[in-house]
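Take a moment with the sequence and the 3D view. Then read on with the view open.

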Amino acid sequence: MKNRRALFAVPYVGWLALFVVAPIVMVVLYAFSSAAGGFTLENFSRMGAYAVVFARSFKLALAATLICLLIGYPVAYMISRESQRFQRVAMMLIMLPMWMNFLLRTYSWMSILENTGLLNRLFSAIGLFRLINALTGANLEYFPMINTQGAVVLGMVYNYLPFMILPIYSVIEKMDASLLEAARDLGAGSARVFRKVILPLSLPGVLSGVTMVFVPSVSTFAISKLLGGSNELLLGDLIETQFVGTAYNPHLGSAIALVMMVVVVVCMAVMNRFGEGEEQAVML
Amino acid sequence: MSAKPSRLNRVLMALVFLFLYAPIFVLIVFSFNDSQSRTVWQGFTLRWYVELLQDRAIMSALWTTLLVSLLATAIATVAGTMAAVGFFNMKKRWRGPILTVNNIPMTNADIVTGVSLCLLFVAFFAGWGDFTRWFNSLQGLVHLPTRLHMGFGTLLIAHLTFDIPYVILNVMPKLRQMDKNLIDAAQDLGCTWMQAFWKVVLPEIKPGIVSGALIAFTMSVDDFVISYFTAGSATSTLAMVVYGMTKRRISPKINAISSLLFVTVLTLLIVVNVREARQEKALEERKL
């Protein structure tokens, strides 16, 4: 009886094979072949030229993930301590920006960060540049903010912060309140309760938050193009130009995508292993 | 959790929300700006809204975005719930690996999902071309089109591919939490399995289905990267139009459409929230 009901999953398993597994097989096939057909490793040997881009992508994504964690964890924690009603509204407010496509929101940052943008206008209106120029003798008219790595990281943090807050919040919110009470009854101060109980128990949320911020950050191409200009090329931009851009070469693009995917999967596996260890330690 | 929020906490939270909403606020304010500039205020106007309604490209992109998101959400909700029921009844030996594959679209980078689907579609179209040329030359009765392109169909397939896993992810835990005796009880009382499903299982897992559908819709509306690689050159979503404009100049019409979207979503959320709050209140009063 039970097995027959499993048949409900059959169409979707077919779908998975066709549109999840087969495309990845295609990427692997393309990565190991040349335009003329036939097996080659040339796509990978050519990749050394892009080591700088790889390094930059991972550096910026790591920075964005850390900042998201530093902001997102306290926010998730604070929200979970508020009333039910407040919590629901806060969650809605965090989800709401996502319903405006992320490109629209990133575009808005362009007008804030430009050299003649709103922030620089604000600084100049309050006389900040005059002050700095008077103090240092420099001749500053604006802060160069757009087209820098900082702007790209800001764009990543802005877009993916909700992905950090949501999983951490949902783990903390589901936490058994009696555990905290027990810790307090046994004489732990609130700092100790946090360090010994809340933090370890919220680790699964942190791990999934880190994944959900790091993966889109390391592979983004629109954010870097809008806020980083043409100087701060990232892995995503590199892959994009191989598929739709001027440098059309899906074989090289697939190889880059494959390497990126493998590096990310390895990172996540290591992190999850580490996280599981922690969890078990807590259970014991 | 004990509620003892300090004032400092509130201030910090307010700052984060300011950070999240400042760009949206800027976007809305400059949709009323009487100038092409996106940084200098030149006076109030509604002309961008008027021009927006006359802009065929943006309106059709809006239509494509809404249609693909709504269709993908509806289909993904049904298919995902069905698949979740199937997985739930599956032997663990099979379920584990399949759920791992199911997680791939969620954990994989969007760009990898996008380009891999793009490669698949291109390869399929090439194969289809060869097949139809052979098939058409074989007989003269049915003429199959030999050239297929990426378009709305491939866009929809791509959206379904990343939407369904979210529905499954939300429905599975509800199935696990459900008291299994309920189904047995319903069947003992004379329900067929199908009746038991509609009358017992479905109401139990409904919160999971609703939140799954909501997340699927959010992901569809928010997506740019996967659509970009799978929609082809003739079909555009709103995000693709914006991206195309960044190479030249972004029109304030984009600000106008963003503001309209934001206000619509905000209104919807407020209505839903107020209704939920009222229902909860009524429930509490009844309990008293």
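Predicted model: local features only at pLDDT ≥ 70, side-chain atom pairs only at ≥ 80, totals over all residues.

What follows goes from confidence, to the chains, to the contacts between them.

Chain B has an average pLDDT of 90, and 98% of its residues score at least 70. For chain A the mean is 88, with 95% of residues at 70 or more.

Helix 2 of chain A (residues 10-31) has the highest value, 95. Helix 1 of chain A (residues 2-5) has the lowest, a mean of 70. Now find residues 277-284 of chain A, where the pLDDT is below 50. Leaving out near neighbours in sequence, this stretch makes 4 contacts in the model.

Next, look at how chain B is divided. The domain assignment gives two parts: domain 1 covers 18-54, and domain 2 covers 57-249. Their C-alpha centres are 35 Å apart.

Now turn to the place where the two chains meet. How many residues of chain B are in contact with chain A? The count is 86, and they touch 82 residues of chain A. Together the chains bury about 8,000 Å². Of that area, 76% lies on carbon and sulfur atoms.

Polar links cross this boundary too. Between chain B and chain A there are 18 residue pairs in polar contact, counting pairs with both residues at pLDDT 80 or more. Which element gives the largest share of chain B's side? Helix 1 of chain B (residues 7-29) does, with 13 residues. By residue type, the side of chain B that touches chain A holds 61 nonpolar, 16 polar and 9 charged residues.

Side chains of opposite charge can pair when their charged atoms come close. The two chains share 4 salt bridges. One of them joins A:Glu114 to B:Arg38, with the closest N and O atoms 2.3 Å apart.

Over all chains, the count of salt bridges is 9. Among them is a pair inside chain A: A:Arg56 meets A:Glu232 at 3.5 Å, N to O. This pair links distant parts of the chain, 176 residues apart. A:Arg56 sits in helix 4 (residues 51-80) of chain A. A:Glu232 lies in the loop between helix 13 (222-227) and helix 14 (235-243) of chain A.

Terms used. Residues numbered from 1 in each chain as written. Chains lettered and ligands numbered in written order. Heavy atoms only, no water. Domains from an automatic or database assignment. Contact = heavy atoms within 4.5 Å. Buried area = accessible area lost by both parts, 1.4 Å probe. Salt bridge = Lys/Arg side-chain N within 4 Å of Asp/Glu carboxyl O. Polar contact = N/O pair within 3.5 Å; in protein donor to acceptor, adjacent residues only side chain to side chain. Helix = DSSP H or I, 4+ residues; strand = E, 2+ residues; numbered from the N terminus. Nonpolar A, V, L, I, M, F, W, Y, C, P; charged D, E, K, R; others polar. pLDDT = per-residue confidence, 0-100.
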